[in-house]
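Open the model in your viewer and keep the sequence panel beside it. This tour goes from one selection to the next and says what is there.

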Amino acid sequence: MSDDLQTALAGVRADIDHIDSELLRLLNARAQCAQKVGEIKAEFGDAGFIYRPEREAQVLRRLQDVNPGPLPNENITFFFREVMSACLSLEQPLGVAFLGPLGTFSESAATKHFGHAARLLPQVSIDDVFREVEAGHAHYAVVPVENSTEGAVGRTMDLLLGSSLKICGEVVLRIHQNLLSNETDLNQITRVYSHAQSLAQCHEWLNRMLPNAQRISVGSNAQAAQKAAEEPGAAAIAGEAAAARYQLPKLAENIEDEPNNTTRFLVMGRQDAGISGRDKTSLIMSAPNRTGSLHDLLLPFSDAGVSMSRLESRPARHALWEYVFYVDVEGHRDEPAVKQALDALAGRAAYLKILGSYPVAVY
């Protein structure tokens, strides 16, 4: 290395060291401000929920709006989520329940939303995820609700109907599926383990590349990775987190049939989220069994100028051939237009449950 190059690099590296020192000072100053917020809340008797999803969404959106680059907004969002996660943990680490074991896409979604300072609590079923928060053993739950190619997650939808928890956030996760195995050749694979939805998301790839391999559905992709790590001739379809956790090589990457494969997760808690400025409201409703009743239920949203982003029906569990409707609309339930629509809907629906208003995912 020439002297001129060393001199030029030394100057830039000195600048980086100075900036890193300033970043360290500012990060600790931010942490002190976060601690002061907690002290002020305690002083005024507001020692309830320390995590405010609407405030976090507002902070992240503002930073994206003023970001001059060259770092893309996705990296800025990731960095500041981790900063906020670390600051919150100084007051109290958040306990977050999710469908385990470690290495699932649900873990990735929980970490994406709450950061690495959160206390992750893997559960064996989605039912247990809900129960962990309802019993007060965790602060929040992160549960999958729909996939862009495979549709709704039925168990989550059913539990929303009976749970007392509220939706206070959402996470949108890009899903990349990989074939993981200790084998070094596709011809050696006789069994493929994965969650049923992941097997479906890779159906065409499996038909082309492993037409004779047995496809075995298990409770989670992480469980699939565990089995593939232990059994000769076995492979798992799973994500990056499972590959790293179970030290399984990737025999094939990005094998999902749809290139834009995405899963939406809900953040469930015991609190309402305030207005962030860009929100959704989710609800469940049922229509009286008569002609035109669904049209009558949708009319209040049209009259109030409220846009609907999702409408899905599921069988009502209390009666044969009756259905409930899951609805997402744009806006917060405390905003005038949405409030007007919900007030009108309450007089028409045979059943109405507001699942929560929450910030639209920031990513």
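**Stop 1: an aromatic cluster**

Select Phe114 to begin; this residue is buried, with a relative accessible area of 6%. Keep in mind that the model is a predicted one.

Phe114 and Tyr140 form a stacked aromatic pair, with 5.5 Å from centre to centre and 25 degrees between the planes. Phe114 sits in helix H4 and Tyr140 in strand E3 (residues 140-147), so this pair ties together parts that are 26 residues apart in sequence. Tyr140 is buried, as is Phe114.

With Phe114, Tyr51 makes a tilted aromatic pair: the centres are 5.3 Å apart and the planes are at 55 degrees. Tyr51 belongs to the loop between helix H1 (3-43) and helix H2 (53-66), while Phe114 belongs to helix H4 (residues 105-114), so the pair ties together parts that are 63 residues apart in sequence. Tyr51 has 2% relative accessibility and counts as buried. Tyr51, Phe114 and Tyr140 together form one aromatic cluster. The structure holds four aromatic pairs.

**Stop 2: the nonpolar cores**

Which residues have the most contacts inside the largest nonpolar core? Select Ile126, Phe130, Val143, Leu160, Leu266 and Met268 to see them; the core has 25 residues. Next, colour the elements that give two or more residues to this core: strand E1 (95-99), helix H5 (126-134), E3, helix H6 (154-162), strand E11 (262-269), strand E14 (323-330) and strand E15 (351-359). The largest share, four residues, comes from H5.

Show the surroundings of Phe130. Leaving aside neighbours within four places in sequence, Phe130 is in contact with Val143, Thr156, Leu159, Leu160, Ser163, Leu165 and Met268. Another core, of 19 residues, lies apart from the largest one; select Tyr51, Leu94, Ala109 and Phe265, which are among its residues.

**Stop 3**

Most residues other than glycine have a negative phi, and most peptide bonds are trans. The next selections depart from this.

Select Gly69 and Pro70. A cis peptide bond joins Gly69 to Pro70, with omega at about 10 degrees. Pro70 is placed in the loop between H2 and helix H3 (73-91). Then select Gly100 and Pro101, which are also joined by a cis peptide bond; omega is about 5 degrees. Pro101 is in the loop between E1 and H4.

Move on to Gln247, in the loop between helix H10 (240-245) and strand E10 (250-252). Gln247 is not a glycine, yet its phi is positive, near 50 degrees. Is Gln247 buried or exposed? At 70% relative accessibility, Gln247 counts as exposed.

Asn254 lies in the loop between E10 and E11. Asn254 has a positive phi of about 50 degrees, although it is not a glycine. With a relative accessible area of 43%, Asn254 is partly exposed.

**Stop 4: the whole protein**

Clear the selection and zoom out. The protein has 12 helices and 15 strands. Its C-alpha atoms fill a box of roughly 85 × 65 × 35 Å along the principal axes. Of the 363 residues, 46% count as buried. Among contacts between residues at least 6 apart in sequence, 76% join residues at least 24 apart.

The protein exposes about 18,300 Å², and carbon and sulfur atoms supply 52% of it.

Definitions and conventions:
Residues numbered from 1 in each chain as written. Predicted model: local features only at pLDDT ≥ 70, side-chain atom pairs only at ≥ 80, totals over all residues. Heavy atoms only, no water. Phe/Tyr/Trp six-rings, centres within 6.5 Å; stacked < 30°, edge-to-face > 60°. Buried < 20%, exposed > 50% of the residue type's maximum accessible area, 1.4 Å probe, protein only. Core = buried A, V, L, I, M, F, W, Y, C linked by side-chain atoms within 4.5 Å. Contact = heavy atoms within 4.5 Å. Areas by Shrake-Rupley, 256 points an atom, 1.4 Å probe, with all protein chains shown as cover.
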